[in-house]
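Subject: Handover of a structure

Dear colleague,

Please find below the sequence and the structure that I am passing on to you. My notes on what was found follow directly after them.

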Amino acid sequence: MQWIILIGNEGFNLNLIRNLQHYGENKSTSLTENRFVVDYGNDHVFYDSAEDIINDYEEDDKVRIPFPNPQFIMMTYTSENLMKQILSQDNFPRGIYIDDDNGNIMPIEDFIVS
């Protein structure tokens with residue numbers, strides 16, 4: 001499984017993602033208050049609230065995050081194509097940033113086309 005980190009402002013949280021219509025899903029299941037999974041058949045996407053992950057960032061990475069009080073959600077996926085498809089949905093939040101775990105922190109719009 002692979003993962004990225006979704007980064008948003010104070011209003012960005014797991015419930016925002018949980019309440020989206022996930023196109024093509026078979027079923028969504030809340031595993032805990034801070035974790036849920038969307039089943040797409042052969043592929044699954046897990047979303048985890050990752051509040052303390054800010055402590056793992058180096059200072060030079062923190063300055064690239066444009067939010068004064070950033071909120072983090074880890075998105076773990078089995079298919080990169082599915083992940084890009086999900087992020088491209090019209091109803092997926094915009095104005096957030098993506099940390100691709102390769103040293104890149106960028107707006108979602110730039111990440112989708114990369």
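Ser79 is found in the loop that links β5 (71-77) to α3 (80-88); helices (H or I, at least four residues) and strands (E, at least two) are DSSP runs, numbered from the N terminus. This is a predicted model, in which local features need pLDDT of at least 70 and side-chain atom pairs count only at pLDDT 80 or more, while totals for chains, interfaces and linings use all residues. Residues are numbered from 1 along each chain as its sequence is written, and side-chain values use heavy atoms, with hydrogens and water left out.

With a relative accessible area of 17%, Ser79 is buried. Here, buried means under 20% relative accessible area, exposed over 50%, and partly exposed in between (1.4 Å probe, protein chains only). The Ser79 side chain reaches the backbone nitrogen of Leu82 at 3.1 Å.

Leu82 itself belongs to α3, where Leu82, Met83, Lys84, Ile86 and Leu87 are buried. The buried residues of this helix pack against the strands β1 (2-8), β4 (44-49), β5 and β6 (97-99), and against the helix α4 (108-113); contact means heavy atoms within 4.5 Å.

Asp101 lies between β6 and β7 (105-107), and its phi is near 65 degrees, a positive value in a residue other than glycine. Most residues other than glycine have a negative phi. Asp101 counts as partly exposed, at 44% relative accessibility.

The C-alpha trace spans about 40 × 30 × 25 Å along its principal axes.

Of the 114 residues, 41% count as buried. Among contacts with a separation of 6 or more, 59% come from residues 24 or more positions apart.

Definitions and conventions: Polar contact = N/O pair within 3.5 Å; in protein donor to acceptor, adjacent residues only side chain to side chain.
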